[in-house]
Amino acid sequence: ATLAMALGTALTTGAIAVAAVYAKDVARRFSEKKALSANRFLRALELLAALGVLLLGLGLVSGALVGVT
């Protein structure tokens, strides 16, 4: 069971990493046309992604702490 969970985690994080790289490439193509507004858009997108990762991490930690007494 532990091996299956580890493989699932590795596949999921790999897929998320591939999606992030692809999304950044698409965003970079948009930024070549409109420099200032696209850079602002990219920064906002990166900030939202970082916030999402932070919220996911906090959710995982709080979920783990709920079972601890």
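## A tour from Lys24

Select Lys24 to start: with a relative accessibility of 41%, Lys24 is partly exposed. Here buried means under 20% relative accessible area, exposed means over 50%, and partly exposed is in between, using a 1.4 Å probe and protein chains only.

You are looking at a predicted model, where local features need pLDDT of at least 70, side-chain atom pairs count only at pLDDT 80 or more, and totals for chains, interfaces and linings use all residues. Residues are numbered from 1 along each chain as its sequence is written, and side-chain values use heavy atoms, with hydrogens and water left out.

**Stop 1: the whole chain.** Colour by secondary structure. The protein chain has two helices and zero strands. Both kinds of element are DSSP runs numbered from the N terminus: helices are H or I with at least four residues, strands are E with at least two. Now colour by accessibility. Of the 69 residues, 6% count as buried. The chain exposes about 6000 Å², and carbon and sulfur atoms supply 75% of that area. Accessible areas come from the Shrake-Rupley method with a 1.4 Å probe; for residues, only the protein chains shown count as cover.

**Stop 2: the salt bridges.** A salt bridge needs a side-chain nitrogen of Lys or Arg within 4 Å of a carboxyl oxygen of Asp or Glu. Glu46 is partly exposed, at 36% relative accessibility.

Next, select Arg43. Arg43 also bridges to Glu46, with the closest N and O atoms 3.2 Å apart. Both lie in helix α2, three residues apart, about one turn of the helix. Arg43 is exposed, with a relative accessible area of 58%. Shared partners join Lys24, Arg43 and Glu46 into one network of salt bridges. The structure holds two salt bridges.

**Stop 3: the largest pocket.** Which residues line the largest pocket? Select Ala20, Ala23, Lys24, Ala27, Leu42, Leu45, Glu46 and Ala49. Helices α1 and α2 are the elements that give two or more residues to this lining. By class, the lining has six nonpolar, no polar and two charged residues. Ala, Val, Leu, Ile, Met, Phe, Trp, Tyr, Cys and Pro count as nonpolar, Asp, Glu, Lys and Arg as charged, and the others, Gly among them, as polar. The pocket holds about 180 Å³ of space.

On a 1 Å grid over the protein atoms alone, a pocket is an open set of points where a 1.4 Å probe fits, with protein on both sides within 12 Å along at least five of seven lines; lining residues have an atom within 4 Å of a point. Points are joined across faces, edges and corners, and the volume is the space filled by probe spheres set on them.

**Stop 4: Phe41.** Phe41 is in helix α2. Phe41 is partly exposed, at 48% relative accessible area.
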